[in-house]
Amino acid sequence: MSITIKIFGQLAEIVGSNEWHVQDASDTNFIKERLISDFPKLKNFPFVIVVNKKFVNQNQKIQTGDVVALLPPFAGG
Amino acid sequence: MSEKKKRKVLVSGAIAPEFIANSIAKHSSKTTIGAHDIFLGQVRSDVIGGKTVQAIDYTAYEEMAEEKFHEIREATFAKFSLSCMHVYHSLGAVKAGEISLFVFVSSTHRADAFDACRFVVEEIKANVPIWGKEIFEDATHSWKVNTN
């Protein structure tokens, strides 16, 4: 399954886009591994992954229609 | 209308002092309120690597941020005895010296207003997906990092 992942803040700047397409995105671990393999600069960059606007704390399977986003540390206020 | 209805928190640009004054004035008819507490986040002109911040350009994962603001609102009403609460956060460019966050809570007595205001601000900082790009005078930038 190919999915489009939303990317924000400094992560989007490093990736060079607010969106990133991943082929065969079966689960969130796969997405993290692909991200670091495609963008080695992100190896030590802190980020969280959210699926359908919920934080993912352990590996989660990706279903058709899921909205996945990668978020750098928050800096509101 | 219920004070707990879903509201939009994210607003474009700086929050004007006149808007804050009007928000206060609107509460004069609510005479069960005995205490308001207000937090205003203001953009600092920090010096980073010898360059001075002119403005912060805020972006957010807007759909998720509005959901998180709503969750914080519900949690705050559950935890404290409040009459009402209003929160606004800027998106886009806010110049140094301007206001980017406005938290306004009201209660019968001061303790709930003081405690709820702090709670809301800390929750926003920790849980709402918002980012700030600090723009310098030479148009370069760095990314804002929240501290305690």
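Predicted model: local features only at pLDDT ≥ 70, side-chain atom pairs only at ≥ 80, totals over all residues.
Residues are numbered from 1 along each chain as its sequence is written, chains are lettered from A and ligands numbered from 1 in the order in which they are written, and side-chain values use heavy atoms, with hydrogens and water left out.

With contact defined as heavy atoms within 4.5 Å, 18 residues of chain A are in contact with 24 residues of chain B. Across this interface, 13 residue pairs are in polar contact, both residues being at pLDDT 80 or more. A polar contact is a pair of N or O atoms within 3.5 Å; within protein, one must be able to donate a hydrogen and the other to accept it, and residues adjacent in sequence count only if both atoms are side-chain atoms. Helix H1 (9-15), strand E4 (54-55) and strand E5 (68-71) of chain A each supply at least two residues of the side that touches chain B, helices (H or I, at least four residues) and strands (E, at least two) being DSSP runs numbered from the N terminus. The largest share of that side, three residues, comes from H1(A). By class, the side of chain A that touches chain B has 10 nonpolar, four polar and four charged residues. In this classification Ala, Val, Leu, Ile, Met, Phe, Trp, Tyr, Cys and Pro count as nonpolar, Asp, Glu, Lys and Arg as charged, and the others, Gly among them, as polar.

A salt bridge was assigned where a side-chain nitrogen of Lys or Arg is within 4 Å of a carboxyl oxygen of Asp or Glu. Over all chains the structure holds nine salt bridges, and three are found across the interface of chain A and chain B. One of the salt bridges is formed by A:Lys54 and B:Glu71, with the closest N and O atoms 3.9 Å apart. Accessibility was classed as buried under 20% relative accessible area, exposed over 50%, and partly exposed in between (1.4 Å probe, protein chains only). A:Lys54 is partly exposed at 44%, as is B:Glu71 at 37% relative accessibility.

Within chain B, B:Glu66 and B:Lys8 form a salt bridge whose closest N and O atoms are 4.0 Å apart. This pair links distant parts of the chain, 58 residues apart, with B:Glu66 in helix H2 and B:Lys8 in the segment before strand E1 (10-12). B:Glu66 is buried at 16% relative accessibility, whereas B:Lys8 is exposed at 56%. A further salt bridge joins B:Arg118 to B:Glu122, with the closest N and O atoms 3.0 Å apart. Because these two residues are four apart in helix H3 (residues 110-127) of chain B, B:Arg118 and B:Glu122 are separated by about one helical turn. B:Arg118 is exposed, with a relative accessible area of 58%, while B:Glu122 is partly exposed at 40%. Salt bridges that share partners also join A:Lys53, A:Lys54, B:Glu67, B:Lys68 and B:Glu71 into one network.

In helix H2 (residues 28-38) of chain A, A:Thr28, A:Ile31 and A:Leu35 are buried. These residues lie on the same side of H2(A), because they cover an arc of only 55 degrees around the axis, the arc being that of the directions from the helix axis to the C-beta atoms. On the other side of H2(A), A:Glu33 and A:Ser37 are exposed. The elements covering the buried residues include strand E1 (3-7), H1, strand E2 (19-22), strand E3 (48-51) and E5 of chain A. At the start of H2(A), a side-chain oxygen of A:Asp27 comes within 3.3 Å of the backbone nitrogen of A:Asn29.

In chain B, B:His27 is placed in the loop between helix H1 (17-25) and strand E2 (35-42). B:His27 is buried, with a relative accessible area of 6%, and its side chain is joined to that of B:His86 by a polar contact of 3.1 Å.
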